[in-house]
Amino acid sequence: MELTDNQILNQTQVLQKIKRIAFEIYENNFEESEIIIAGIKGQGYSFAKLLAEMIGNISSIKAIAVLIDMDKEVPNPSITFDCEDSLLEQKAIIVVDDVLNTGRTFAYGLSPFLRLHVKRLQTAVIVDRGYHRFPIAANYIGYELSTTINEHVKVILDNPDEVGVYLS
């Protein structure tokens with residue numbers, strides 16, 4: 001099966017969603033001179049890099065993409081950043097991932113920020129599936145998609161030929 005057979009959003013639509021999220025983040029953080037866009041390893045980090053670039057294009061805010069490195073399949077995973085913790089102190093931080101499903105990955109991804117002195121902690125996703133099992137909600141949502149529990153949503157941002165949202 002080709003990815004285009006079940007494409008929900010194409011490249012143009014995905015980039016429009018990310019740009020809209022960038023404007024929303026700017027509107028809610030316009031007083032900041034610098035913000036951190038922390039992306040969960042995988043497509044979440046690809047999303048963070050695109051979002052940081054778009055925020056930089058539409059505002060004077062310096063948006064820095066940071067990698068949250070964790071194994072999504074392991075309960076209570078070890079989590080590291082690709083920067084020093086001091087870069088994150090007293091900053092507005094937006095934790096981003098590609099898909100919000102149960103909320104487990106976000107819950108773990110947010111946990112290391114709780115030991116830091118951050119100014120504000122927000123979340124953003126490209127797709128919210130709504131099957132939350134953890135008390136997690138995204139502040140910024142690109143697209144809400146109702147699916148069955150057995151369906152899989154895949155976001156591709158790191159392959160220019162296949163950028164989009166797919167359902168299988």
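Trainee: Are F81 and F113 buried or exposed?
Mentor: This is a predicted model. Buried means under 20% relative accessible area, and exposed means over 50%. On that scale, both F81 and F113 are buried.

Trainee: How many aromatic pairs does the structure hold, and of what kind is the one formed by F81 and F113?
Mentor: The structure holds 1 aromatic pair. F81 and F113 form it, 5.1 Å centre to centre, with 45° between the planes. Planes under 30 degrees apart count as stacked and over 60 as edge-to-face, so the rest are tilted. The F81–F113 pair is therefore tilted.

Trainee: How many residues apart are F81 and F113?
Mentor: F81 sits in strand β4, residues 80-81. F113 sits in the loop between α3 (104-110) and β6 (120-128). The pair links distant parts of the chain, and the separation is 32 residues.

Trainee: T80 is also in strand β4. Which residues does T80 contact, leaving aside neighbours within four places in sequence?
Mentor: T80 has 42% relative accessibility, so it counts as partly exposed. T80 and V125 are 45 residues apart along the chain, with 20 Å between their C-alpha atoms. The contacts of T80, close sequence neighbours left aside, are L67, I68 and D69.

Trainee: Which residues does UniProt list for "domain: Phosphoribosyltransferase", and how far apart are the end C-alpha atoms of that stretch?
Mentor: The UniProt entry is unreviewed, and it lists residues 6-153. Over residues 6-153 the chain is 28% helix and 30% strand. The end C-alpha atoms of residues 6-153 are separated by 10 Å.

Trainee: What span does helix α1 reach from its first C-alpha to its last?
Mentor: Helix α1 covers residues 11-28, which is 18 residues. At 1.5 Å a residue, 26 Å is expected. The span in the model is close to that, at 26 Å.

Trainee: Within what arc do the buried residues of α1 fall?
Mentor: In α1, V14, I18, I21, A22 and I25 are buried. Seen down the axis of α1, they line one face of the helix, because their arc is 105°.

Trainee: Which exposed residues does α1 carry on the face turned away from its buried side?
Mentor: The buried side of α1 includes V14 and I18. The face turned away from that side carries exposed residues. They are T12, Q16 and E27.

Trainee: Which residue caps the N-terminal end of α1?
Mentor: The cap reaches the backbone nitrogen of T12. A side-chain oxygen lies 3.1 Å from that nitrogen. The oxygen belongs to N10.

Trainee: What span should helix α2 have at 1.5 Å a residue?
Mentor: Helix α2 has 16 residues, 43-58.

Trainee: Against which elements do the buried residues of α2 pack?
Mentor: The buried residues of α2 are Q43, G44, Y45, S46, F47, A48, L51, A52, M54 and I55. They pack against α1, β2 (34-40), β3 (62-69), β5, β6 and β8 (153-156).

Trainee: Why does K91 count as buried, and which residues does it contact beyond four places in sequence?
Mentor: K91 is placed in the loop between β4 and β5 (92-100). Its relative accessibility is 15%, so it counts as buried, given the limit of under 20%. Beyond its close sequence neighbours, K91 contacts E34, I36, V118, K119 and R120.

Trainee: What is the phi of Q90?
Mentor: Q90 lies in the loop between β4 and β5. Q90 is partly exposed, with a relative accessible area of 49%. Although Q90 is not a glycine, its phi is positive, about 55°.

Trainee: How far apart in space are D85 and L116, C-alpha to C-alpha?
Mentor: D85 is in the loop between β4 and β5 and is partly exposed, with a relative accessible area of 29%. Not counting residues up to four places away in sequence, D85 touches R115 and L116. D85 and L116 are 31 residues apart in sequence, and their C-alpha distance is 7.7 Å.

Trainee: Which residues does K72 contact, leaving aside neighbours within four places in sequence?
Mentor: K72 lies in the loop between β3 and β4. At 23% relative accessibility, K72 counts as partly exposed. K72 and G109 are 37 residues apart in sequence and 9.1 Å apart, C-alpha to C-alpha. The contacts of K72, close sequence neighbours left aside, are I40, K41, D97, D98, R104 and T105.

Note on methods: Residues are numbered from 1 along each chain as its sequence is written. This is a predicted model: local features need pLDDT of at least 70, side-chain atom pairs count only at pLDDT 80 or more; totals for chains, interfaces and linings use all residues. Side-chain values use heavy atoms; hydrogens and water are left out. Rings of Phe, Tyr and Trp (its six-membered ring) pair if their centres lie within 6.5 Å; planes under 30 degrees apart count as stacked, over 60 as edge-to-face and the rest as tilted. Helices (H or I, at least four residues) and strands (E, at least two) are DSSP runs, numbered from the N terminus. Buried means under 20% relative accessible area, exposed over 50%, partly exposed in between (1.4 Å probe, protein chains only). UniProt positions are given in the numbering used here, feature names are shortened, and annotations may be inferred rather than shown by experiment. The expected span of a helix is 1.5 Å times one less than its number of residues. The arc is that of the directions from the helix axis to the C-beta atoms. A polar contact is a pair of N or O atoms within 3.5 Å; within protein, one must be able to donate a hydrogen and the other to accept it, and residues adjacent in sequence count only if both atoms are side-chain atoms. Contact means heavy atoms within 4.5 Å.
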